[in-house]
Each structure stands twice: as C-alpha cells, then as structure tokens.
Amino acid sequence: MRHMFRGCGHARGGLSPEDQAAVDAFRAMLAALRSPEPWTPGSAQDIAVRVGPFIERAHTRPGDDHGPDLIAVALQDPGGPYPLYSARRWKLGWLRCETTTILGVWNPAYAVLTHAAAGLDLPDDVGMAPAHYALYIEARKRDDSLDGSTLLRLGPYTQTRHAQQDYDRLTAALDGRATTALPGYRVSTRFGPFDVSDHHLVTDPYETDVLAVLADALEGANPQ
C-alpha cells in the first residue's frame, strides 16, 4: 500500500483506474475494521479471527468446552471454503479458538490482512490448541437417503492420535459388515469435532473398550 500511494503521489492527472480500485479497497478495509459486523454464537457465518498481527478467515463448529469462551474453528481460504497454505490447513485441523480473538463476521475486505496476502504461510503456532474430537457410529439407509441415526458417540478425545487409533479399530471391526450389521442400513464411523451440547449422549472412550460398546450399540440398535 505504501508503494501504491508513493506512485499515486507522483501521478499526473489523478489516479489510474487500477490505483483508484486499490484506494477503494483500502478504504473498505479500514471501514470494516472500524465497524466489524458482530458475530453471534451459533451463527453459520464464517468469522474473522486474529492470528498474531494478521486476520484470517475461519469456519466455525460447536465449541468443545462448556461456556461461551471457546469454539472450534478451521482456518479457511480468504476467498472461500477451500484449502489454502498447501497442506498446512489440514495439518492444523480443527482448533480451539478463544472468542476474544474474534473480530466479527468475515468480510472480504479483510483478505488483504491475511498471511496469504503477505505471501506468507501460516505459522506453526497460530495461538490455538487443537480442538477436541469425537467419533460417531452412524446407521444410514442403504438407498443413499439421509434417513438413519447415530448409534454411538465416543468422546471427547483430547488427542487426535487417540481418536485416529479408535477410528481405525472401529473401521476394521466393521470391515465386511458395514451393510450386514443392521439389515437395510449401512453402518460407518465418522471422525468429527466434539459438540459439547451432546455431552450427555457421549461415551468416554478412555474408560471403556470401544469395540465392546460398538457391539452393544449394534445389538440394541433401532434406527427407526
């Protein structure tokens, strides 16, 4: 921006269309920073979060802790919900974001303030700890409809490697049985963020044998 304004200062006959567009974008960014659109917990809108001196776009999911102070987020491409920074975003996965770092609802004007705009990758430490995870064993109709239910919820996992280990065990246990364990249904395991609102429905994986609770869930299943 400093380079652009130095060039504008020596221009004759006013700003070029390109310079005017840059000035307009800069003014829009300043206006968005002065009056950010407030973010409301539970809103499906992407948010702007502070990561050091930068601002990043983040997609929200239900928080993994009690109270309003923490939510789970995944950093996003400033231009849309697609991977950015090569594999770094996937390496970071879901993060525990303190709500005090939320500037407000994401505004495209903030894109110039991201690491990407500065030609930088995301740092290894973005100031957010990994979010808690959960495993969901689901039974869905084999006709590819969305009808079905969640048979079992396991969580919260405090480390993703523990969740991955149990995911592999459960997937192996269902190998060859996914379409026969429950007649008319396809049973599968899904890996996702832990939703604290479901805490009363979740089985603690650290205090039980996940294969045993899977067998119990299948035996007592009634997806109807």
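Begin by selecting arginine 140, which is partly exposed because its relative accessible area is 28%. In this tour, buried means under 20% relative accessible area, exposed means over 50%, and partly exposed lies in between (1.4 Å probe, protein chains only). The model is a predicted one, in which local features need pLDDT of at least 70 and side-chain atom pairs count only at pLDDT 80 or more, while totals for chains, interfaces and linings use all residues. Residues are numbered from 1 along each chain as its sequence is written, and side-chain values use heavy atoms, with hydrogens and water left out.

**A charged network**

Glutamate 138 forms a salt bridge with arginine 140, and their closest N and O atoms are 3.7 Å apart. A salt bridge here is a side-chain nitrogen of Lys or Arg within 4 Å of a carboxyl oxygen of Asp or Glu. Is glutamate 138 buried or exposed? Glutamate 138 is buried, since its relative accessible area is 10%.

Next, select arginine 190, whose side chain meets that of glutamate 138 in a salt bridge (3.0 Å, N to O). Arginine 190 belongs to strand β9 and glutamate 138 to strand β7, so this pair ties together parts that are 52 residues apart in sequence. Helices (H or I, at least four residues) and strands (E, at least two) are DSSP runs, numbered from the N terminus. Salt bridges with shared partners join Glu138, Arg140 and Arg190 into one network.

**A buried charged pair**

The structure holds 5 salt bridges. Another one to display joins the side chains of arginine 57 and aspartate 46 (2.8 Å, N to O). Arginine 57 is in strand β2, whereas aspartate 46 is in the loop between α2 and β1 (47-51), 11 residues apart. Both arginine 57 and aspartate 46 are buried.

**The open sheet**

Now colour the strands. In what order do the 6 strands of the open sheet lie? The order is β5-β1-β2-β3-β4-β6, with antiparallel pairing; two strands pair if DSSP finds at least two bridges between them. At the edges, β5 (102-105) and β6 (129-130) each pair on one side only. Strand β2 (residues 54-61) is joined to β3 by 5 bridges. Select alanine 58 to find one partner in β3, leucine 75.

**The nonpolar core**

Select Ile137, Leu151, Leu154, Val187 and Leu218, which touch the most other members of the largest nonpolar core, a set of 24 residues. Such a core consists of buried Ala, Val, Leu, Ile, Met, Phe, Trp, Tyr and Cys residues joined through side-chain atoms within 4.5 Å. The largest share of this core, 5 residues, is supplied by α5. In soluble globular proteins, nonpolar side chains tend to be buried together.

Centre the view on leucine 154. Beyond its neighbours within four places in sequence, leucine 154 is in contact (heavy atoms within 4.5 Å) with residues including Ile137, Leu170, Val202 and Val213.

**Two final stops**

Threonine 208 lies in the loop between β9 and α5. Threonine 208 counts as partly exposed because its relative accessibility is 30%. From threonine 208 to leucine 154 the C-alpha to C-alpha distance is 9.9 Å, although they are 54 residues apart in sequence.

Finally, select glycine 155 and proline 156, which are joined by a cis peptide bond with omega of about -5°. Proline 156 has its place in strand β8.
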